[in-house]
Amino acid sequence: MPTTQNPRHLPPRKLGATGPTVSALGLGCMGMSDLYGPADEAESIATIHAALDAGVTLLDTGDFYGMGHNELLIHEALRGRDREDVRISVKFGAQRSPDGQWLGYDARPAAVKTALAYTLRRLRTDHIDIYRPARLDPAVPVEETVGAIAELVQAGYVRHIGLSEVGADTLRRAAAVHPISDLQIEYSLISRSVEAGILPAARELGIGVTAYGVLSRGLLSGHWQNDRELAGTDFRGHSPRFQGDNLTHNLRLVDALRAVAAERNATVAQIAIAWVASRGEDVVPLVGARRRDRLTEALGALDVTLTEADLAAIEAAVPAGSAAGDRYAAAQMAHLDSEH
């Protein structure tokens with residue numbers, strides 16, 4: 001497998017007014033353990049190593065990714081590395097059964113502290129850089145959840161508090177309890193609803209954005225084929241955007257974007273990542289590379305400078321709202337207050 005050559009200095013970006021400074025591109029590690037079908041563990045660790053060697057400082061995980069496997073994997077990858085060179089972002093709260101089914105969310109203060117205790121043990125670290133509930137727990141006011149994390153900040157176990165998949169009103173309520181470093185939310189060329197209300201609210205409050213799904217789970221990678229067979233554990237087999245006529249329509253958008261990319265001597269993935277990075281210095285794209293060659297391609301997006309003409313061409317190829325199908329099946333959609 002190819003490795004990342006000639007380590008570069010990745011430009012830094014600060015997560016909000018109070019958050020940490022991280023690399024302009026982060027590595028999302030979920031797919032190395034869960035939800036996208038089988039992954040090669042040795043290659044996953046090699047990819048994390050290559051990312052760190054290339055200057056990536058932000059690793060994103062969740063305690064429910066592979067039911068702890070992803071945290072154990074990251075621990076193994078960080079063995080022998082300087083912990084202070086890495087910022088680890090962890091999501092918690094999702095409840096799952098032994099067969100992987102989703103059971104809801106638990107963000108009660110006692111559950112928050114218990115989850116962190118297990119995370120610290122699996123990662124073999126004494127602190128988490130950014131700790132965040134994966135989704136809102138409808139039974140627990142966000143003020144209580146953030147208040148519990150704030151106690152963990154005061155105790156030194158957590159450095160910064162983040163949120164994930166919440167709307168503008170929730171951002172305001174949470175920020176009134178404790179400074180919020182960043183909102184992790186899906187943001188891509190074909191997932192732009194955050195631009196209406198959520199992104200302006202985050203900027204008003206001094207909250208950064210870590211954007212996941214920048215390649216829409218591979219759809220915008222330029223590598224997806226209409227007849228691709230998916231493993232039973234790959235949730236894209238049930239995702240509306242990957243089904244039937246929706247997929248055919250969405251791949252036409254990718255072909256239009258491919259033409260734009262070719263004129264700029266870039267790949268589809270690089271253009272899609274560069275577009276998200278161009279949304280502002282307060283936006284940090286997370287890429288879910290599981291292999292070193294995909295990581296190398298993603299890092300190349302940082303060498304792509306988009307002009308106003310480029311942005312106009314991208315907008316014409318993939319207009320806002322042009323994707324067919326929702327991001328998730330209805331049962332998995334988060335409720336984002338003030339989304340539109």
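Helix α1 runs to 13 residues and spans 18 Å from first C-alpha to last, close to the 18 Å expected at 1.5 Å a residue (the expected span being 1.5 Å times one less than the number of residues). Helices here are DSSP runs of H or I with at least four residues, and strands are E runs of at least two, numbered from the N terminus. The model is a predicted one, with local features needing pLDDT of at least 70 and side-chain atom pairs counting only at pLDDT 80 or more, while totals for chains, interfaces and linings use all residues. Residues are numbered from 1 along each chain as its sequence is written, and side-chain values use heavy atoms, leaving out hydrogens and water.

As for α2 (residues 69-78), its axis comes within 9 Å of that of α1 (residues 41-53), and the two cross at roughly 55° (axes are lines fitted to C-alpha atoms over the stretch in contact, with angles from 0 to 180 degrees between N-to-C directions). Glu 41, Ser 44, Ile 45, Ile 48, His 49 and Leu 52 of α1 meet His 69, Leu 73, Ile 74, Glu 76, Ala 77 and Leu 78 of α2, contact meaning heavy atoms within 4.5 Å.

Elsewhere, Ala 94 sits in strand β6 (residues 94-96) and is buried at 9% relative accessible area.

Methods:
Buried means under 20% relative accessible area, exposed over 50%, partly exposed in between (1.4 Å probe, protein chains only).
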